[in-house]
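This briefing goes through one protein chain by topic. The sequence and the structure come next, and the notes follow them.

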Amino acid sequence: MDVVSPGDVRLNGGVAGRPCSSETGQQHRMKPQLRFSLAATTLDAPDAHELAQFYQGLLGWPMRKEEPGWVEIAPPDGGSGLSFQTEPLFTRPRWPSTRSEQQMMMHLDIEVNDLSSAVEDARALGATVTDFQPQDDVRILFDPAGHPFCLFVRTGPSA
């Protein structure tokens with residue numbers, strides 16, 4: 001029987017980093033549990049630097065990394081950021097979707113405290129408001145590369 005010390009992690013009946021007995025009586029080391037952490041969401045664009053400038057202005061996040069064809073921005077207090085990659089064959093997504101055009105693969109939801117002011121700020125940076133707006137407390141816009149994103153005001157209890 002294993003004695004577990006404070007800080008030890010149990011994995012599949014064993015303790016990480018310690019030998020344990022298998023059903024056959026052989027000793028082996030348990031593999032430490034893998035850790036996954038979302039570092040960023042990456043958006044393709046015809047010009048990574050141009051799109052990064054738009055989101056930098058919108059979110060107020062500083063640049064974390066910049067190289068040819070690649071830019072990363074992130075919140076100043078840490079956490080997951082946004083990355084931008086130049087894709088020469090980039091095709092603007094179509095939203096709402098149609099079968100004959102590139103469909104939206106994902107979108108960003110950005111919480112704001114004043115929806116109408118946030119929409120005007122986004123438009124001043126180069127966003128366009130979509131024709132179709134399915135909700136009263138959300139505004140759907142396209143960034144300069146054509147990715148849809150949502151600005152919203154939280155109306156219910158915080159999660």
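Predicted model: local features only at pLDDT ≥ 70, side-chain atom pairs only at ≥ 80, totals over all residues.

- In soluble globular proteins, nonpolar side chains tend to be buried together.
- Leaving out residues up to four places away in sequence, Y55 touches L43, G60, I73, L82, F84, L108, D143 and F149.

**Chain overview**

- The chain contains 2 helices and 12 strands.
- Along the sequence, these elements follow the pattern β-β-β-β-β-α-β-β-β-β-α-β-β-β.
- The chain has 159 residues, and 30% of them count as buried.
- Among contacts with a separation of 6 or more, 42% are between residues 24 or more positions apart.
- The chain has an accessible surface of about 10700 Å², and carbon and sulfur atoms account for 50% of that surface.

**Sheet β5-β8-β7-β6**

- This open sheet has 4 strands in the order β5-β8-β7-β6, with mixed pairing.
- The edge strands are β5 and β6 (63-67); each has a single partner strand, so one side of each is left without a neighbour in the sheet.
- On average, neighbouring strands of this sheet are turned by 15° against each other, direction ignored.
- Strands β5 and β8 run parallel and are joined by 6 bridges.
- Residue T42 stands opposite S83 in β8.

**Sheet β9-β12-β11-β10**

- Another open sheet of 4 strands has the order β9-β12-β11-β10, and its pairing is mixed.
- Here β9 (108-111) and β10 (128-129) are at the edges with a single partner strand each, so one side of each has no neighbour in the sheet.
- Strands β9 and β12 are paired in the parallel sense over 4 bridges, and L108 has F149 as its bridge partner in β12.
- Strand β11 (residues 138-142) pairs with strand β12 (residues 148-152) in the antiparallel sense, over 5 bridges.
- The bridge partner of R139 in β12 is L151.

**Aromatic residues**

- The search of the whole structure finds 4 aromatic pairs.
- One of these pairs is F54 with Y55, which is edge-to-face, at 4.9 Å centre to centre and 85° between the planes.
- Both F54 and Y55 are buried.
- One aromatic cluster is made up of F54, Y55, F84 and F149.

- Where is A122 located? A122 lies in helix α2.
- Is A122 buried or exposed? A122 counts as buried because its relative accessibility is 0%, and the cut-off for buried is under 20%.
- Apart from neighbours within four places in sequence, A122 is in contact with F54, L58, A127, L141, F149 and L151.
- A122 and D143 are 21 residues apart in sequence, and their C-alpha atoms are 8.4 Å apart in space.
- D136 is found in the loop between β10 and β11.
- D136 has a relative accessible area of 74%, so D136 is exposed; the cut-off for exposed is over 50%.
- D136 and F152 are 16 residues apart in sequence and 9.2 Å apart in space, C-alpha to C-alpha.

Conventions:
Residues numbered from 1 in each chain as written. Heavy atoms only, no water. Pairing = 2+ DSSP bridges. Contact = heavy atoms within 4.5 Å. Phe/Tyr/Trp six-rings, centres within 6.5 Å; stacked < 30°, edge-to-face > 60°. Buried < 20%, exposed > 50% of the residue type's maximum accessible area, 1.4 Å probe, protein only. Axes fitted to C-alpha atoms, helices over the stretch in contact; angles between N-to-C directions. Areas by Shrake-Rupley, 256 points an atom, 1.4 Å probe, with all protein chains shown as cover.
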